[in-house]
Amino acid sequence: MSLSRGWKNLSVVSVARELRWPTVIWVFSASRDVDSCWRLVKQAAVAGEVLKTDGVSSVYKVGNFAVKETRGMTALAFKHSLVRFDRVSGYLGVLGEALNTVQVNQRHLPAHELMCVTFNLLTLKSAAYYNFLNDYVCFEDILSSQTTDLLSLLDASFLLLEKMLVGGVYHGDVNISNQFFTPDLLCSKLIDFEVSRELDCSLAMGFALQCSSMWDFRLKPYIEYTSYQSKVLGKIRSFSKDSADYNDSARLFNLMTAKSRVPRRLRDARLLIACGDMLASDVR
Ligand SMILES: Nc1ncnc2c1ncn2[C@@H]1O[C@H](COP(=O)(O)OP(=O)(O)O)[C@@H](O)[C@H]1O
Ligand SMILES: [Mg+2]
């Protein structure tokens with residue numbers, strides 16, 4: 001996939017775009033024009049509070065925006081972004097994350113909103129500008145502040161995942177730092193759509209997969225595996241139209257959350273299932 005093809009595809013879904021060499025900007029928000037986005041880009045270049053940084057990307061807070069900037073290999077990944085409008089597996093890379101978020105926004109699903117994307121032709125840095133989730137707190141922070149009981153938080157989380165799945169989106173990277181809630185838990189949003197794709201399995205199966213990836217070391221101090229498992233299985237039961245679907249989904253959940261001593265064959269199967277290239281029911 002050439003970069004120019006990626007740009008062409010991006011311009012199909014963006015509301016406006018403008019070139020101010022060496023930076024390209026695509027604007028996606030109906031409520032903001034190119035000039036106001038350009039002002040935001042310039043402001044971000046001088047001021048920003050770091051929310052998260054690692055080898056491949058950094059997230060800054062700039063005014064009412066969250067700016068996700070990438071460099072190094074991920075910046076290069078922009079060049080090789082796999083943009084497939086014709087395939088259910090969706091899009092990959094930085095450009096992919098932007099395109100996926102646009103799709104989710106267009107379907108009015110609970111997610112942060114993409115304002116614009118920039119790409120610097122000299123430095124190969126790209127940045128995506130999202131509305132900042134001002135009145136929301138992420139799952140992980142609610143958990144560590146211990147202001148809300150975990151079971152209510154899990155109910156809110158499962159409802160959020162359900163909304164996304166019913167909207168036809170398989171998020172693909174559900175964890176406790178990608179889910180945001182208002183303190184009363186009545187409103188919620190997902191972020192980080194880099195590996196999202198169209199839901200291509202049953203609701204129960206998609207839910208089982210998402211909940212298995214959410215089970216990580218940060219939840220373990222707060223809840224026993226068996227309690228988490230029975231809560232997830234209870235919810236899967238309410239989605240399942242038939243018992244075969246329930247059995248497959250439950251099996252998938254148990255396989256994906258199994259401890260490290262899983263035979264090689266099953267570990268390989270887990271990867272294929274997570275990528276959407278294999279069904280749990282095909283695991284022998
Ligand atoms: N729109 C947003 N509003 C508030 N915080 C955000 C927003 N987007 C990202 N963040 C913060 O930045 C962190 C990393 O963003 P994310 O897109 O999940 O990057 P990564 O791919 O590195 O996980 C999030 O866990 C969250 O704390
Ligand atoms: Mg994340």
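Tutor: Two strands pair if DSSP finds at least two bridges between them. Helices (H or I, at least four residues) and strands (E, at least two) are DSSP runs, numbered from the N terminus. This is a predicted model, in which local features need pLDDT of at least 70 and side-chain atom pairs count only at pLDDT 80 or more, while totals for chains, interfaces and linings use all residues. Residues are numbered from 1 along each chain as its sequence is written, and chains are lettered from A and ligands numbered from 1 in the order in which they are written.

Student: Over how many bridges do strand β6 and β7 pair?

Tutor: Strand β6 covers residues 114-120, and β7 covers residues 126-131.

Student: Which residue in the hairpin of β6 and β7 takes a positive phi?

Tutor: The hairpin has five residues between its strands. The positive phi there is near 65°, and the residue that takes it is L124.

Student: In β7, what is the bridge partner of V67?

Tutor: Strand β5 (residues 65-70) is also joined to β7, by six bridges, and the two run antiparallel. The partner of V67 in β7 is Y129.

Student: How many residues of β7 are buried?

Tutor: A residue is buried if 20 or more other C-beta atoms lie within 10 Å of its own, exposed if 12 or fewer, and partly exposed in between; C-beta atoms are placed from the backbone. In the chain of 284 residues, 37% are buried. Strand β7 is mostly covered, and of its six residues the number buried is five.

Student: Why does ligand 1 lie between domain 1 and domain 2?

Tutor: A residue is near a molecule if its C-beta atom, placed from the backbone, lies within 6 Å of it. Of the 15 residues around ligand 1, those that come nearest include V59, H112 and D192. Domain bounds come from an automatic or database domain assignment. Ligand 1 lies between the two because its shell takes residues from both domain 1 (3-131) and domain 2 (137-282).
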